[in-house]
Amino acid sequence: QGKWSVDGWLIVPQGFKLVISAGTLLSFSSSSGVIAKGPILINGTADNLVVLEGRSQGKGMGHWQGIFVSDTKEPSVWSNVIIRDTAGLSIKGWNLTAGTTFYQADAILKNVSFFGNRCEDALNIVRSKFELSEVSIKDAFSDGFDSDFSEGIVIKGNFENIGLAGGGDGIDVSGTIIDITETKFKNIGDKAVSAGEKSTVRATQLYIEGTGAGVVSKDGSHVVVENSTIRDFNIASMMVYIKKQEYGPATILANHITADDLLASAVAQKGSHIIIDDTEISTKDLD
């Protein structure tokens, strides 16, 4: 416990764990971060959060490199944590585009908040299994949560002010199997939920307000979305299309969706399919 300044890299060797107790605040310099070849266990409580953030610089918060966890045999388990102002790892010519990355490293996150991320993804999970419960991502320059070739669940998530640098997705999945439940999206620069590269998404009880497109399925992906609300979208409530020809058409099956002019606001490229309450919408040529 306590407040600690971190001026160098925290390195967790293979075969070791990093355990962070409730009530710990780690303040990182702009050139430091965490690289772990073993699991990170963060044991915050509702009354004693754990905070990892950049060192204050003048009037504003400073940024720091972030966290990379890879090739662990046990999952990293985090509870009641705040991660602030990550900028992505850059060390000796090696660069990562996410503020927090789990690579071949399973993760269980409960009541974890990511604020003010300044790089491509606030959270990136690759080739791993995950459980995200009450995870909040706010004020991100680009994407919120990016899952690549992984499998997991998102429950009671909150994504707000995503894509501040000019467009970003709330949840962006590639080659992933994911269930999303009771999750809110507000002020999303690009897509609230984006499924690509043969992903399978099951989503229920989504609330989407203020986005480019609400739910998008592309490149061989299959999305089922139910009992959800999509409002204040700039492009479409739902879209299906091919972006990468090698993957083929995509589908969305939608039931009990609340949206303004729902059938007209859904956009389907020829060859792909959107079926809303057992009615397939007409398709069009779409670049």
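Is lysine 270 buried, partly exposed or exposed? Please go on from there to its partner and to the other salt bridges.

A: The model is predicted. Lysine 270 is partly exposed, because its relative accessible area is 49% and the exposed class begins over 50%. Its side chain meets that of aspartate 285 in a salt bridge, at 3.8 Å from N to O. Lysine 270 sits in the loop between β25 (266-268) and β26 (273-276), and aspartate 285 in the segment after β27 (279-280), so the pair ties together parts 15 residues apart in sequence. Aspartate 285 is exposed, with a relative accessible area of 62%.

The structure holds ten salt bridges. One of them joins arginine 84 and glutamate 53, with the closest N and O atoms 2.6 Å apart. This pair links distant parts of the chain: arginine 84 is in strand β9 (residues 76-84) and glutamate 53 in strand β7 (residues 50-54), 31 residues apart. Arginine 84 is partly exposed at 27% relative accessibility. Glutamate 53 counts as buried because its value is 10%, and buried means under 20%.

Lysine 138 and glutamate 160 form another salt bridge, at 3.9 Å from N to O. Here strand β16 (residues 136-140) holds lysine 138 and strand β19 (residues 158-162) holds glutamate 160, 22 residues apart. Lysine 138 is partly exposed, at 27%. Glutamate 160 is partly exposed too, at 22%.

Salt bridges also link Asp169, Asp190 and Lys191 in a network. Asp169 is among the residues nearest the centre of the largest pocket.

How values were computed:
Residues are numbered from 1 along each chain as its sequence is written. This is a predicted model: local features need pLDDT of at least 70, side-chain atom pairs count only at pLDDT 80 or more; totals for chains, interfaces and linings use all residues. Side-chain values use heavy atoms; hydrogens and water are left out. On a 1 Å grid over the protein atoms alone, a cavity is a set of points where a 1.4 Å probe fits but cannot get out, and a pocket is an open set with protein on both sides within 12 Å along at least five of seven lines; lining residues have an atom within 4 Å of a point. A salt bridge is a side-chain nitrogen of Lys or Arg within 4 Å of a carboxyl oxygen of Asp or Glu. Helices (H or I, at least four residues) and strands (E, at least two) are DSSP runs, numbered from the N terminus. Buried means under 20% relative accessible area, exposed over 50%, partly exposed in between (1.4 Å probe, protein chains only).
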